[in-house]
Amino acid sequence: MQQTRIGASDVQEFIVTDKSLTPVVLTMWDQFVNNEVSLIVDKIDSMPIILGTCLKVVSYKGISLTTKASSFFALNPDIPEAVDLANWLIEHKEEVLNLLVTNDPDLSLASSSMQPSPQTASPIAIISQPTEKLPRYWAKARVQITKLNQQFWYMACSSCHKNTVAEFNQPFQCLFCKKDVSAKPRLRIEVNLHGNFGSLKAITFGEHAEKLINCTAETLMENTNEEGMCNLANVGQLQTEKYFLICLKKYQLQVQNEDEDRFNIMSVHDVHVKMEK
Ligand SMILES: [Zn+2]
């Protein structure tokens, strides 16, 4: 069972574990990067069982494993120990995924009472499974906007955020909340969330969207042309380098008579990134 990490071109790290649920870093060097690594990465989502022999055991941040020239690997080998481990994994998949997420060595959560504990963050692969039905999900993810021809913002009631035909700052009585309000631009952006083990599409609104693209709705509105198009890359960011801890709500949308899972971003929190020395 492993988790890919980005390394230099001739080295790749994985996190492996066994029934003890102790995460161990396995570092593959040189010829293994060209051969075994791509085989493992192809199967990474299914959390393959790995047999490794002639590995060097090193004491660094606990025990870790590294390849030698004589090392040998077999993926999902047909031996009783591997079958037993695979059966164990079926029952413990969620624990293993959570272990990998919370032991990502590059990331630790900033201390803030506003943030949930890291144990509540779920890998995106689990969240996006159709059988998963929870009211809220937490995911640790980077954000990217690939759909550039979307509208990004709409004019909204300043109180209930429903769509309005009123012009910017124009006072009006809202048809929905019946209050005397004014019209304010509000972001509505379709984003891709990239986390460990996968990615998913989500919709983000208002202040959360402003935080993710580092740009206010008013700035985006001012940079929108007569045709309603704006180049977000000129004023905000299309992708984040850093991870956020994101609260998601799943809902079903009917698309061509099929129920499709969609996700709304409910809140966005900073994740503190530890720098490698
Ligand atoms: Zn309203």
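Colleague: Which residue in β5 is the bridge partner of V58?

Modeller: S64 is the bridge partner of V58. The general idea first: two strands pair if DSSP finds at least two bridges between them. Strands (E, at least two residues) and helices (H or I, at least four residues) are DSSP runs, numbered from the N terminus. Here β4 and β5 (residues 63-66) are joined by four bridges, and the two strands run antiparallel.

Colleague: What should I know before I read further?

Modeller: This is a predicted model: local features need a pLDDT of at least 70, side-chain atom pairs count only at pLDDT 80 or more, and totals for chains, interfaces and linings use all residues. Residues are numbered from 1 along each chain as its sequence is written.

Colleague: In what order do the strands of the open sheet lie?

Modeller: The order is β1-β2-β5-β4, four strands with mixed pairing. β1 (11-16) and β4 (56-59) are the edge strands, and each pairs on one side only. Neighbouring strands in this sheet are turned by 25° against each other on average, direction ignored. For such angles, axes are lines fitted to C-alpha atoms, for helices over the stretch in contact, and values run from 0 to 180 degrees between N-to-C directions.

Colleague: How many helices and strands does the protein chain have?

Modeller: The protein chain has seven helices and 13 strands.

Colleague: Is P23 buried, partly exposed or exposed?

Modeller: Count C-beta atoms, placed from the backbone, within 10 Å of the residue's own: 20 or more others is buried, 12 or fewer is exposed, and in between is partly exposed. P23 is partly exposed because 19 other C-beta atoms lie within 10 Å. P23 sits in the loop between β1 and β2 (24-29). Its C-alpha is 9.1 Å from that of V96, although P23 and V96 are 73 residues apart in sequence.

Colleague: What percentage of the protein chain counts as buried?

Modeller: Of its 277 residues, 26% count as buried.

Colleague: Which residues have the most contacts inside the largest nonpolar core?

Modeller: A nonpolar core is a set of buried Ala, Val, Leu, Ile, Met, Phe, Trp, Tyr and Cys residues joined through C-beta atoms within 7 Å. The largest one has 27 residues, and L193 and I246 have the most contacts inside it. Elements giving two or more residues to this core include β7 (137-144), β10 (180-195), β12 (244-255) and β13 (258-270). β7 gives the most, with five residues. A second, separate core has eight residues, among them F14, L26, F32 and I40.

Colleague: Which residues of α5 are buried?

Modeller: H208, A209, E210, L212 and I213 are buried in α5. Their cover includes β7, β10, β11, α6, α7 (232-235) and β13. N214 follows α5, and its phi is positive, near 55°.

Colleague: What makes a positive phi worth a look?

Modeller: Most residues other than glycine have a negative phi. F152 is not a glycine, yet its phi is positive, about 70°. F152 lies in the loop between β7 and β8 (153-157). F152 counts as buried because it has 26 C-beta neighbours inside 10 Å. N169 also has a positive phi, near 70°. It lies in the loop between β8 and β9 (171-173). N169 is exposed, because 10 other C-beta atoms lie within 10 Å.

Colleague: With which residues is C54 in contact, leaving aside its neighbours within four places in sequence?

Modeller: Contact means C-beta atoms, placed from the backbone, within 7 Å. By that test C54 touches K68, S70, S71 and F72, with neighbours within four places left aside. C54 and S70 are 16 residues apart in sequence and 6.2 Å apart, C-alpha to C-alpha. C54 lies in the loop between β3 (50-53) and β4. C54 is exposed because 11 other C-beta atoms lie within 10 Å. Across the protein chain, take contacts between residues at least 6 apart in sequence: 54% join residues at least 24 apart.

Colleague: Where is confidence lowest, and where is it highest?

Modeller: pLDDT is the predictor's confidence in each residue, from 0 to 100. The mean is lowest in helix α4 (residues 124-127), at 60, and highest in β9, at 95. The protein chain averages 78, and 77% of the residues score at least 70. Over residues 104-119 pLDDT stays under 50, and the model has 23 contacts beyond four places in sequence for them. Residues 273-277 also stay under 50, with five such contacts.

Conventions
Two residues are in contact if their C-beta atoms, placed from the backbone, lie within 7 Å.
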